[in-house]
Amino acid sequence: QDERLRYHFETGKVRQRALRRKTYQYLCGVFGGPVQYSEEHLRPVHYNMNITDRHFDAFVGVFADVAVDVGVPQDAVAACRATLNGVRPDITTGWAARGEAARERARDPEQETVFEKMGGVKGVRRVISHLYSMLQKDKRINVFFEGSKWQVVKASQETFLMKVLGGPVRYEGRPLSVAHAHLEMSDYHLDIFLEHWGKALKENGLAPADVDDSMVALEPLRSEILKRLQPEL
């Protein structure tokens with residue numbers, strides 16, 4: 001039910017049962033019980049899942065809350081937190097390593113920008129048209145990409161993405177936090193959007209490294225897009 005984690009755990013019933021079983025088997029071993037799931041599988045399984053520290057922190061927090069709710073002593077909960085944080089690198093290394101490689105490429109003046117690799121203005125527009133065709137068919141998220149103004153939103157998004165991906169354009173629209181303030185959008189919806197974005201890029205011929213480069217450019221925007229969900233200090 002946690003919107004920060006829902007995307008990664010929302011699967012079909014068969015896969016959900018398998019995921020629950022493997023999670024149970026792994027946690028039994030890591031918390032001192034019989035080892036039923038080898039740690040050597042963690043990194044390869046999670047490497048391409050785009051799991052960030054934000055997702056992992058949410059998982060640890062939910063686990064701790066549930067443990068408290070079922071009566072686990074506070075000292076044991078703290079020990080569980082420490083144990084889980086010890087395996088953080090195995091879960092988040094994929095995103096961290098691919099992200100660092102992408103940032104390294106971005107610092108290289110000899111490298112083409114993602115905007116250029118996509119084929120400039122025409123290429124970006126082609127990808128976004130493909131993206132919208134997928135978003136509008138996905139019942140989990142299509143409510144945000146329908147209605148009388150969706151073409152205006154699409155045009156604004158095209159310009160914004162061109163700028164973020166290194167294009168020579170000016171974005172003069174509203175700040176992200178303002179544009180999304182009235183939308184009931186959560187991490188769940190943003191994760192779905194990024195899933196379709198990655199697919200649209202791949203299906204239009206971009207290499208996995210180029211997809212990573214675009215994800216590294218877009219992921220930091222999450223806090224602005226979801227600013228309404230952040231508690232005021």
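Q: Are R98 and D212 buried or exposed?
A: Both R98 and D212 are buried. Buried means under 20% relative accessible area, exposed means over 50%, and partly exposed lies in between, with a 1.4 Å probe and protein chains only. The model is a predicted one, in which local features need pLDDT of at least 70 and side-chain atom pairs count only at pLDDT 80 or more, while totals for chains, interfaces and linings use all residues. Residues are numbered from 1 along each chain as its sequence is written, and side-chain values use heavy atoms, with hydrogens and water left out.

Q: What joins the side chains of R98 and D212?
A: A salt bridge is a side-chain nitrogen of Lys or Arg within 4 Å of a carboxyl oxygen of Asp or Glu. In this case R98 and D212 meet in such a bridge, at 2.9 Å from N to O. R98 belongs to helix α6 and D212 to helix α12 (residues 208-218), so the pair ties together parts that are 114 residues apart in sequence. Helices here are DSSP runs of H or I with at least four residues, numbered from the N terminus.

Q: How many salt bridges does this rule give?
A: The count comes to 21 salt bridges. One of them joins the side chains of D2 and R4, at 2.7 Å from N to O. D2 counts as partly exposed because its relative accessibility is 23%, and R4 counts as partly exposed because its value is 33%.

Q: Which residue forms a salt bridge with E195?
A: The partner is R140, and the closest N and O atoms are 3.6 Å apart. This pair links distant parts of the chain, 55 residues apart: E195 is in helix α11 (residues 187-203), whereas R140 is in the loop between α8 (120-135) and α9 (150-164). With a relative accessibility of 31%, R140 counts as partly exposed.

Q: Which residues are linked in a network of salt bridges?
A: The network links R54, D187, D191, E219 and R222.

Q: How is the packing of two helices described?
A: One gives the angle between the two axes and the distance between them. The axes are lines fitted to C-alpha atoms over the stretch in contact, and angles run from 0 to 180 degrees between N-to-C directions. Helix α4 (residues 53-69) and helix α6 (residues 88-107) pack at about 155°, with axes 9 Å apart. The two are therefore roughly antiparallel; angles under 35 degrees count as roughly parallel, over 145 as roughly antiparallel, 65 to 115 as roughly perpendicular and the rest as oblique.

Q: Which residues make the contact between α4 and α6?
A: Contact means heavy atoms within 4.5 Å. On the α4 side the residues are D53, F56 and D57, and on the α6 side R88, I91 and T92.

Q: At what angle do α8 and α9 pack?
A: Their angle is about 135°, and their axes are 10 Å apart. That makes α8 oblique to α9. In α8, the residues V121, V124, R125, I128, S129 and Y132 meet W150, V153, K154, Q157, E158, L161 and M162 in α9.

Q: Where is V30, and which residues does it contact beyond its sequence neighbours?
A: V30 lies in helix α2 (residues 13-30). Leaving aside neighbours within four places in sequence, V30 is in contact with T83 and V87. V30 and G119 are 89 residues apart in sequence, and their C-alpha atoms are 48 Å apart in space.
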